[in-house]
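Student: I have a protein model open and would like to learn how to read it. Could you walk me through it?
Tutor: Gladly! Let's look together.

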Amino acid sequence: MTSDPDLDGAFASIAKRDPQTHFVGGSPFFLIRRARLVALAARHRIPAIYPWRQFVVDGGLMSYGTSFTESARQTGVYVGRILSGAKPAELPVLQPTKFELVINLKTARALGLTVPPALLARADDVIE
């Protein structure tokens with residue numbers, strides 16, 4: 001996908017297949033268009049799962065992915081180490097260690113979905 005009209009066509013095509021769910025990938029293209037993606041999923045009544053909480057705050061159903069806050073904190077630690085004289089090439093490569101599950105119950109109700117209590121209990125944040 002390279003343009004907004006591609007999104008409209010993609011969601012129309014997905015909706016014709018009557019999906020059980022849809023996963024939106026973690027591309028910067030999708031992140032900057034998150035409000036549009038959330039609106040298209042709602043319009044077509046597609047239960048979508050997103051990579052980051054920002055989508056859910058904007059009205060998406062749920063997200064599971066890395067924590068932006070933790071990633072930003074770790075970036076700050078690395079910048080501090082580099083400014084203190086560490087050579088970037090000698091710093092270890094880090095993998096994300098904090099992931100978060102966020103669920104939007106208002107969106108679930110609008111889609112006619114019931115979120116199992118066990119899933120709600122595991123969520124890091126539930127938006128009502």
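Student: Among contacts in the protein between residues at least 6 apart in sequence, what share joins residues at least 24 apart?
Tutor: Keep in mind that this is a predicted model. Here, 56% of the contacts between residues at least 6 apart join residues at least 24 apart in sequence.

Student: How do the strands pair in a sheet?
Tutor: Strands of a sheet pair through backbone hydrogen bonds, and the pairing is either parallel or antiparallel. In this protein, five strands form an open sheet with mixed pairing, in the order β1-β2-β3-β4-β5. Strands β1 (22-23) and β5 (125-127) are at the edges, each pairing on one side only.

Student: In which sense do β2 and β3 pair?
Tutor: They are parallel: β2 (residues 48-50) and β3 (residues 62-66) share two bridges. To find the spot, pick Y50, whose bridge partner in β3 is S63.

Student: And how many bridges join β3 and β4?
Tutor: Five bridges, and here the sense is antiparallel. On to the next pair: β4 and β5 run parallel and are joined by three bridges. There, I103 stands opposite V126 in β5.

Student: Why is strand β4 largely enclosed by the rest of the structure?
Tutor: A residue counts as buried when its relative accessible area is under 20%. Strand β4 covers residues 99-104, and five of its six residues are buried, so the rest of the structure largely encloses this strand. Across the protein, 30% of the 128 residues count as buried.

Student: How much of the accessible surface belongs to carbon and sulfur atoms?
Tutor: Their part is 58% of an accessible surface of about 8000 Å².

Student: How many positive and negative side chains are there?
Tutor: There are 15 positive and 11 negative ones, and the centres of the two sets lie 1 Å apart.

How values were computed: Residues are numbered from 1 along each chain as its sequence is written. This is a predicted model: local features need pLDDT of at least 70, side-chain atom pairs count only at pLDDT 80 or more; totals for chains, interfaces and linings use all residues. Side-chain values use heavy atoms; hydrogens and water are left out. Buried means under 20% relative accessible area, exposed over 50%, partly exposed in between (1.4 Å probe, protein chains only). Contact means heavy atoms within 4.5 Å. Accessible areas come from the Shrake-Rupley method with a 1.4 Å probe; for residues, only the protein chains shown count as cover. Lys and Arg count as positive and Asp and Glu as negative; His and the chain ends are not counted. The place of a charge is taken as NZ of Lys, CZ of Arg, CG of Asp or CD of Glu. Two strands pair if DSSP finds at least two bridges between them. Helices (H or I, at least four residues) and strands (E, at least two) are DSSP runs, numbered from the N terminus.
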